[in-house]
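Subject: Structure handover

Hello,

Here is the structure we talked about. Please open it alongside this note.

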Amino acid sequence: MAFRRREGEFFDVLETRSPEAREEALMAALSAHVAQARAQAPYYARVLQHVDPDEVNSRAALARLPLTRKSDLITLQAGRPPFGELIAIPPGRLARIFVSPGPIYDPEAPGRDFFRFGRALFATGLRAGQILHNTFSYHFTPAGAMMENGARALGCAVVPAGPGNLELQARAIAHLRSHCYAGTPEFLKAILEKGEELGLDLSSLRRGHVTGGAYTAALRTWYAERGLTVLQSYGTADLGLVAYESEAREGLILDEFVIVEIVRPGTGEPLPEGEVGEVVVTLLVPEYPLIRFATGDLSAILPGQSPCGRTNMRIRGWLGRADQATKVRGMFVRPEQIAELARRFPGLGRLRLVVSRERDHDTMMLSVEAPSPDPALAARLAEALQAVTKLRGDVTLVPPGTLPNDGRVIEDLRTVE
């Protein structure tokens, strides 16, 4: 079925510019962004000291820069508090400082919709003069402020409900006639069920914007059967909005102020369209100039453009975690080591190391997509596996296209009951 666009459907003109114009603008901004990060953020002055910003004007050049991993932020911030010297303004000039689990300290600069969720809320259908019922937490973590700032940027009132107390949530919506919900996917269902139980009229609430949890097909169906438009987004406490869903419901459309790469887990090597890998984001925000920020999340780039008319790249959404390190016989095996094997044997397809347990002993089986079942190749791969991991393992060669395209390179079956 064709998707029909309506007048006033887009947040701004950036969403519908040609892909060529967007790419040209992003790459021009990237070069200036690298220069600014080097000049104002001491972390990047060190990490990028040998980089000429003028030469970072393409995705290929960007892919040559080092990754900064979200998993390293705790150590970086502990060594050089409060932000590991990644921010480009003095901490006292920030609007808010959040404390996420870890702890990881997240900055918010003043003066605008810093986390850029206004764009995602607009795509959900929230409009000026409406009321957003915001059930994300306002305590330490940034999710509550992210949604509130986005709604206020659209000219909306916000009910700072926070999580918990289903009866109070339902009664507030019924009394205030709120138009849109923001929160986790399953909490809206719980509120609506409580409203039904209490005999409340929650019919004003026709839209919802959800994130921070699994938005399952069953939940989608449940909301659709009740005539609700409930769309999702993907972001992090560090980056803010990364991608959002439109009413076309075909993947998540990238925010206009991020450059997203999908890379092979354990490396910074970009993967082709459609391949599942780790989400790496360059955030074009001057106060927090994150460059090649490796989120640890898995996704894939969808081909083509959204039927809704927005022309930016799309991703499939959150597909799991890229952090697949596991301990075998007392030693860690990491995705970087599997990537090293792939580099040593060019021309192979996907590789997948399966760790299991037999008779109280850990075992490793490396499955490799190869053009032919060559026993000599399998033997060389087994030798390389032992050299790289310092552990013995078996190798099986499988036809190309056999292994799943799920981004997983290490599978630990010992955790499965």
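The model is predicted: local features need pLDDT of at least 70, side-chain atom pairs count only at pLDDT 80 or more, and totals for chains, interfaces and linings use all residues. Residues are numbered from 1 along each chain as its sequence is written, and side-chain values use heavy atoms, without hydrogens and water.

Helix H9 spans residues 217-225, and its buried residues are Leu219, Trp222 and Tyr223. (Buried is under 20% relative accessible area, exposed over 50%, partly exposed in between, with a 1.4 Å probe and protein chains only. Helices are DSSP runs of H or I, at least four residues; strands are runs of E, at least two; both are numbered from the N terminus.) On the other side, Ala217, Ala218, Ala224 and Glu225 are exposed. Helix H8 (185-198) and strand E8 (229-236) are among what covers the buried residues.

Helix H7 (residues 166-176) packs on H8 at about 75 degrees, with the axes 9 Å apart. (Axes are lines fitted to C-alpha atoms, for helices over the stretch in contact; angles run from 0 to 180 degrees between N-to-C directions. Contact means heavy atoms within 4.5 Å.)

The whole structure has 35 salt bridges. (Each is a side-chain nitrogen of Lys or Arg within 4 Å of a carboxyl oxygen of Asp or Glu.) Asp201 and Arg177 form one of them, at 3.5 Å, N to O. Asp201 is partly exposed at 44%, and Arg177 is partly exposed at 30%. Arg292 and Glu261 pair at 3.0 Å, N to O. Both of these residues, Arg292 and Glu261, are buried.

Best wishes
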